[in-house]
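Good morning, and thank you for making time for this.

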Amino acid sequence: MKAVSLALVLCGAFALAAPVPAFCQAAAAPTPTLEQRVAGLEAYLANSDPRQALKGPGGDIPGGLTMPSVGIPGPGHNAWMMTAALLVLFMTLPGLALSYGGLVRRKNVLSILAQCFGIAGLATILWWAVGYSLVFAPGKPWLGGLRYVMLHNVGSAPNTDYSFWVSQSVFAMFELMFAIITPAIIVGAVAERMRFAAVLTFVALWMFVVYFPIAHMVWGVDGAMNGLNNGNALIKSVDFAGGLVVHMTSGWSSLVLCMMLGRRHGFGKEKMPPHSMVLCMTGTAMLWVGWYGFNAGSALGADGIAANAFLTTTLAAAIGSSAWAFAEWISSGKSSVLGFCSGAIGGLVVVAPSCGYVNATGAVIIGLVGGFAPYFAVVKLKALLGYDDALDAFGVHAIGGTIGVFLTGILARVDVNPRLAVHLGDIVGKTLWIEQIKAIAIVMTIAIVGTLIVGFVVRVFVGLRPSAEVESMGLDLTEHGEEGYIL
């Protein structure tokens, strides 16, 4: 103690003198050099790890050396991610709600809006309570831990497992919007014939059985299928913006649930045309706009990878829309507005898992596939097999999402996204497609089996369908006591 006190006194005595004695210099905390500070600023511009600037020749950070910017959110990246989160919410409310609402009969339009609103609120509560933690907290390869239950300690500091410059609170809200739209997609397959209470009960259970585990496996820092960030991943797959997590989970679940429910009364015997293509086109346009937040936002920063996703998203959507309309023209001599809308969504779905990994040429290929493949599923496959996928959630999202995940394994390029080289450099352009097939098989299995289990539980304890009389009257009046239009 006396030796320490003497050193402090001597340091104080020399505080105004120069040069500072060596033992006083040794007691001072190290500070980053000007070059290291500049490198930290460059890390912000590149949306990369600022701690790399502190590493010495041996690759280690000297003891006690810290960078002032570490743990501080970057205002530009935060601003973009808040905007992206709003755009993804815009996809569900009002985009998907209006797109689906226009496609059903007039007596059921409000039921679609209510289901989308109800899912938005329910998913938010589950995300706050435990969902975010189960997906993004470190845990097991198949499910996250409980570190962030009730968003505990989720504040303005970045969660560096995922982003060095975006506040964890903003990141959590951005990912919430994916958790909202994914179960809402399923509504399209069972439209006009599933009780409101059954929809919400199904979604509440489905999130725990299907969505949370798959989202962690694909996007969690220690997830079993997170090939991009987890060097120890059991399956080294990639999914930039939700081909596996969003479109395959919802799409394959849609097929199972619509088959469990059975066909709408009168399906195949009477016409069930959309009651408002104006609403459908308006909602689809909103989905396209919101999809820029969905895809470009998945770069988790306003960087070059986000810019690439913006470009590839645009190309795939436009070409997919044209391809579907062209297929209609070849088949019937007419290109419908519904065809343009469906093709745009098809292109967006197929490009989602790859938008941050492929170049413009890849996006053009994906756009063509995104128009033609879902068209075949919706027009030919559904008629051949006879299932009542009311608004083609399976035909567009399951078929499109599955093909998109596979094409990612073929078309992804390291020169587009250098992050692929960290853990996947030896398989990108070679055998990545095999890893994608493995991930496809696992997600399909979990979605199908999980939906069967959850659907059976809901059928037993809540009931899935209303009576034939109620369904004939329409769900707007019988379930919500309102009418969409009073003429």
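Predicted model: local features only at pLDDT ≥ 70, side-chain atom pairs only at ≥ 80, totals over all residues.

Residues are numbered from 1 along each chain as its sequence is written, and side-chain values use heavy atoms, with hydrogens and water left out.

Let me start with the interior. A nonpolar core is a set of buried Ala, Val, Leu, Ile, Met, Phe, Trp, Tyr and Cys residues joined through side-chain atoms within 4.5 Å. Buried means under 20% relative accessible area, exposed over 50%, and partly exposed in between, with a 1.4 Å probe and protein chains only. The largest such core has 132 residues, and those with the most contacts inside it are Trp127, Met194, Phe202, Tyr211, Trp291 and Phe294. Helix α5, residues 109–136, gives the most to this core, with 15 residues. Helices here are DSSP runs of H or I with at least four residues, strands are runs of E with at least two, and both are numbered from the N terminus.

Which residues does phenylalanine 294 touch? Setting aside residues up to four places away in sequence, its partners are Val88, Met91, Phe174, Phe178, Ile181, Ala241, Val246, His247 and Ala352; contact means heavy atoms within 4.5 Å. Threonine 182, in helix α6 (residues 168–186), is buried at 0% relative accessibility. Beyond residues up to four places away, threonine 182 touches Trp206, Tyr211, Val245, Val246, Thr249 and Ser250.

Next, helix α11, which covers residues 337–351. Helix α11 has 15 residues and reaches 22 Å from its first C-alpha to its last, close to the 21 Å expected at 1.5 Å a residue; the expected span is 1.5 Å times one less than the number of residues. Because 12 of its 15 residues are buried, α11 is largely enclosed by the rest of the structure. Among those buried are Gly339, Gly343, Gly346 and Gly347. The buried residues of α11 pack against α8 (243–261), α9 (277–296), α10 (304–332), α12 (360–385) and α13 (393–411).

I turn now to charged pairs. A salt bridge is a side-chain nitrogen of Lys or Arg within 4 Å of a carboxyl oxygen of Asp or Glu, and a search of the whole structure finds 11 of them. Arginine 105 pairs with glutamate 270, the closest N and O atoms being 3.7 Å apart. This pair links distant parts of the chain, 165 residues apart: arginine 105 is in the loop between α4 and α5, glutamate 270 in the loop between α8 and α9. Arginine 105 is buried at 15%, whereas glutamate 270 is partly exposed at 45% relative accessibility.

Glutamate 192 forms a salt bridge with arginine 264, with closest N and O atoms 2.7 Å apart. Here the loop between α6 and α7 is joined to the loop between α8 and α9, across 72 residues. Glutamate 192 is buried at 2% relative accessibility, and arginine 264 is buried at 9%. Both pairs belong to a network of salt bridges linking Arg105, Glu192, Arg193, Arg264, Glu270 and Asp388.

Lysine 382 and aspartate 392 also meet in a salt bridge, at 2.7 Å from N to O. Lysine 382 is in helix α12, and aspartate 392 is in the loop between α12 and α13. Lysine 382 is buried at 16%, and aspartate 392 at 18%.

Some backbone features deserve a look. A cis peptide bond joins leucine 93 and proline 94, with omega about 15°; proline 94 lies in helix α4, residues 75–103. Two residues have a positive phi although neither is a glycine: leucine 151, at about 55°, and glutamate 192, at about 75°. Leucine 151 is found in the loop between β2 (143–144) and α6.

Finally, the surface. Leu205, Val449, Ile453, Phe456, Val457, Val460 and Phe461 make a nonpolar patch of about 670 Å². Patches consist of residues with over 30% relative accessible area and no salt bridge, like charges being joined within 9 Å and nonpolar side chains (Val, Leu, Ile, Met, Phe, Trp, Tyr) within 5 Å. Accessible areas come from the Shrake-Rupley method with a 1.4 Å probe, and for residues only the protein chains shown count as cover. Helix α15, residues 432–461, gives the most to the patch, with six residues. Leucine 205 lies in helix α7, residues 196–219, and is partly exposed at 34%.
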